[in-house]
Amino acid sequence: MKPYSLDLREKIVSTYEAGNTSIRQVAKRFQVSKNTVQSLLKRKQATGALKPAPATGGKASQLTGYEQEIAEMVETHQDYTLAEYCEYWQDKTGVRVSESTMCRFLQKQQLTVKKNVSQRSSRTSR
């Protein structure tokens, strides 16, 4: 979820600081949770600013750090499927990864996995 805009954050805090209202009433007025109002007030008190903290990101891939080995694997075995890549990787390293993990990693590394198309004639004999 994206963070609330700085403008909304300032309105929430200034409304509460103006007095004559509770945290629950401010939350109801701006359609946010009570905890949001409390955390904004705490952030303003601690840092003096309401700017949202930077996103921390997600969990790193199990394949991070193995870019060179993966590139060599794809170069050597260009006709493998994702399942075969995963099986090969498990045999080589002992680490099992899912097909979706392998696919995402290959896409991030811009390693395309193109299959050889068989040379069938497009015409059927009659």
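Does Asp-7 count as buried, partly exposed or exposed, and what is its relative accessibility? At 45% relative accessibility, Asp-7 counts as partly exposed, where buried means under 20% relative accessible area, exposed over 50% and partly exposed in between, with a 1.4 Å probe and protein chains only. The structure is a predicted model, in which local features need pLDDT of at least 70, side-chain atom pairs count only at pLDDT 80 or more, and totals for chains, interfaces and linings use all residues. Residues are numbered from 1 along each chain as its sequence is written, and side-chain values use heavy atoms, with hydrogens and water left out.

**Overall architecture**
- The protein chain has six helices and zero strands; helices (H or I, at least four residues) and strands (E, at least two) are DSSP runs numbered from the N terminus.
- Of its 126 residues, 21% count as buried.
- Among contacts (heavy atoms within 4.5 Å) with a separation of 6 or more, 46% come from residues 24 or more positions apart.

**Helix H2**
- Ile-23, Val-26, Ala-27 and Phe-30 are buried in helix H2, which spans residues 23-30.
- These residues cover an arc of only 100° around the axis and therefore lie on the same side of H2; the arc is that of the directions from the helix axis to the C-beta atoms.
- The buried residues of H2 pack against helix H1 (6-17) and helix H3 (34-47).
- Arg-24, Lys-28 and Arg-29 are exposed on the other side of H2.
- Just after H2, Gln-31 takes a positive phi of about 55°.

**Salt bridge**
- The structure holds one salt bridge, defined as a side-chain nitrogen of Lys or Arg within 4 Å of a carboxyl oxygen of Asp or Glu.
- Asp-7 forms a salt bridge with Lys-11, with the closest N and O atoms 3.5 Å apart.
- Both residues lie in helix H1, four residues apart, about one turn of the helix.
- Lys-11 is partly exposed, at a relative accessible area of 41%.

**Aromatic pairs**
- The count comes to three aromatic pairs; rings of Phe, Tyr and Trp (its six-membered ring) pair if their centres lie within 6.5 Å, and planes under 30 degrees apart count as stacked, over 60 as edge-to-face and the rest as tilted.
- Tyr-66 and Trp-89 form an edge-to-face pair, 5.4 Å centre to centre with 75° between the planes.
- This pair links distant parts of the chain, with Tyr-66 in the loop between H3 and helix H4 (67-76) and Trp-89 in helix H5 (residues 82-93), 23 residues apart.
- Trp-89 is buried, with a relative accessible area of 1%, whereas Tyr-66 is partly exposed at 35%.
- Tyr-80 and Tyr-88 form an edge-to-face pair, 6.3 Å centre to centre with 70° between the planes.
- Ring pairs link Tyr-80, Tyr-85 and Tyr-88 into a cluster.
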